[in-house]
Amino acid sequence: MLRDVAMWLLAGAGVALQGLVCLGVTLMRDALDRLHYTAASTLGVTCLCGAVLVRDPASLIGLKTLLTGAFLLVTGPVLVHATARAIHLHSDAEARR
């Protein structure tokens with residue numbers, strides 16, 4: 001019973017956070033502003049991975065979820081930083097023309 005409640009709370013929080021991220025990306029005008037919301041999506045992914053781990057902690061699905069969550073937590077900020085740097089370099093090159 002308690003495990004089901006924790007799973008549903010984590011899943012609901014993850015879906016709500018991802019919905020807010022999608023809404024923020026849609027409503028922001030500038031690409032750099034959109035990146036701030038994209039970086040926040042790691043919180044939603046963490047909640048969703050936590051919900052799967054609460055439901056099936058000692059299974060192959062739980063292990064794959066743990067690896068997927070760890071991969072996204074590590075590569076998410078790197079992707080956002082690389083994208084922001086590319087936008088910044090592109091705007092500098094446009095300003096020099």
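Where is the place of Thr-65? Thr-65 sits in helix 3 (residues 60-96).

## Basis

This is a predicted model; local features need pLDDT of at least 70, side-chain atom pairs count only at pLDDT 80 or more, and totals for chains, interfaces and linings use all residues. Residues are numbered from 1 along each chain as its sequence is written, and side-chain values use heavy atoms, with hydrogens and water left out.

## Helices 2 and 3

Helices (H or I, at least four residues) are DSSP runs, numbered from the N terminus. Helix 2 (residues 31-55) packs with helix 3 at an angle of about 175 degrees. Their axes, 9 Å apart, are lines fitted to C-alpha atoms over the stretch in contact, with angles from 0 to 180 degrees between N-to-C directions. Helix 2 and helix 3 are therefore roughly antiparallel (angles over 145 degrees).

Contact means heavy atoms within 4.5 Å.

Thr-65 counts as buried at 12% relative accessibility (buried is under 20%, exposed over 50%, partly exposed in between; 1.4 Å probe, protein chains only). Leaving aside neighbours within four places in sequence, Thr-65 contacts Cys-49, Val-52 and Leu-53.

Ser-41 lies in helix 2. Ser-41 is buried too, with a relative accessible area of 19%. Not counting residues up to four places away in sequence, Ser-41 touches Gln-18 and Val-21.

## An exposed residue

Leu-2 belongs to helix 1 (residues 2-27). Leu-2 is exposed, with a relative accessible area of 71%.

Key
Helices (H or I, at least four residues) and strands (E, at least two) are DSSP runs, numbered from the N terminus. Angles under 35 degrees count as roughly parallel, over 145 as roughly antiparallel, 65 to 115 as roughly perpendicular and the rest as oblique.
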